[in-house]
Amino acid sequence: MAFKIGLLGLGTVGTGTVAILQDPVGRSPLLKEIEIYRVGVRSLDKPRAITLPPEVITTDLDSIVTDPEISIIVELIGGLEPARSLILKAIAHKKHIVTANKAVIARYGHEIYTAANQAGVYVLLEAAVGGGIPIIKPLKQSLGGNRVQSIIGIVNGTTNYILSRMTAEGAEFEMVLAEAQQLGYAEADPSADVDGLDAADKIAILASLGFGGRVKREDVYCEGIRPVSAVDIAYADKLGFVIKLLAIAEGQQGEESDHLQLRVHPTLVSKTHPLANINGVYNGILVTGDPLGQVMFYGRGAGAGPTASAVVSDMVNIVGILSSSDENPALDPLLSCTHQHYCQMIPMEELCTRFYARFLCQDVPGVVGHLGMSFGNHGVSLESVVQIGFQENTAEIVVVTHDVREGNFRAALAEIEALPAIKAIPSVLRVL
Ligand code: HSE
């Protein structure tokens, strides 16, 4: 028996998905059970890389999500609306959902999963994080015997590409961004990527799965890569680090495993760390669990083929269940979402981490002493202090701290900012 799917969106990932379904040889035998029944697009006239019978394609997306013949809706239009409303309407019509839409799941996951559980349908989203990298199913299933301690990811290919090129070429952000836009690696409006919003959506989803509770998207602290300069990348290099945009979910040690810190920010990563060598558009996600220790997921985080690979894997999962069970089977708890409570957030000022900071100061006696004094006043211990360049009576001093409570470090910075010899603090970055 063939399972009819309704595909919403025929852009890069939609086209990649159709290409896999139209060429099933050598892939999962379940692909032969899937029929591309209707495809919803914005424009019928757009030239496409794949061929579909004209009667399959429509601009009436509503008619697809309500069609009684269809059992699975594959939502690949992206964005918040109409994606959210179409998903909810499809669920109300008892369709299972496969989506690559991290923005909609990170913001409306609660509403969507509540509706899906009531309707007895699955909402699968392997393609929403890490493109082709299997990470959702491992977190839901394969790592179930572990107490997850942290999830640290390079989950945005655009920013990783930009930072990798800045590092390799000593180039500034604006120049590399402009070239990335010309090459199609960055969007015309790059803010979802470069301001860290896309990575924040993704870590909200991963944290919810890894730590077993709901997460509010607005609880993710978020800094993007616009302030990262070539100077900081060069200093980081001299100190043994590379700068990466990391998305981090860390659980508090001890009983309260749902107390989390969620953050996205540019981070100095030791060159010997497993994430330091994830370059270009690639993604890497490092999960630490008890008793497993570290496990790393690496691969292509975007693009037609990799993302469609994840979309099709979800379709195959649903078809596998539908073809082997009765009319109205109970939802498999390993594939559905059963979280009822929200994870508690630990405020950023309680974060304990190392910091990198760069100061521009007057080149006068006693500056380093004053800096050290202010740090000491707030319990900030320094791991290294470097003064390399100075021009026209301005010295550039770079410090790396030992682990310190963020609140203490910020208090020390405020005191330092007020010192007469300090001209500016152009950068403050966290160190992994
Ligand atoms: N804009 C995303 C990235 C695409 O650059 O990784 C996949 O979510």
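## A pair in the sheet

The model is a predicted one, in which local features need pLDDT of at least 70, side-chain atom pairs count only at pLDDT 80 or more, and totals for chains, interfaces and linings use all residues. Residues are numbered from 1 along each chain as its sequence is written, and side-chain values use heavy atoms, without hydrogens and water.

Strand 1 (residues 3–8) pairs with strand 4 (residues 72–75) in the parallel sense, over 4 bridges. Strands (E, at least two residues) and helices (H or I, at least four) are DSSP runs numbered from the N terminus; two strands pair if DSSP finds at least two bridges between them.

An open sheet of 6 strands runs in the order 3-2-1-4-5-6, with parallel pairing. Strand 3 (57–58) and strand 6 (123–124) are at the edges with a single partner strand each, so one side of each has no neighbour in the sheet.

## A cavity

The whole structure holds 1 cavity of 30 Å³ or more, and the largest cavity has about 50 Å³ of space. A cavity is a set of points on a 1 Å grid over the protein atoms alone where a 1.4 Å probe fits but cannot get out, and lining residues have an atom within 4 Å of a point. The volume is the space filled by probe spheres set on the points, which are joined across faces, edges and corners.

Among the residues lining the largest cavity are Leu124, Lys137 and Asp314. Helix 5 gives the largest share of this lining, 3 residues.

Definitions and conventions
1 Å grid on protein atoms, 1.4 Å probe; cavity = no way out; pocket = protein on both sides within 12 Å on 5 of 7 lines; lining within 4 Å.
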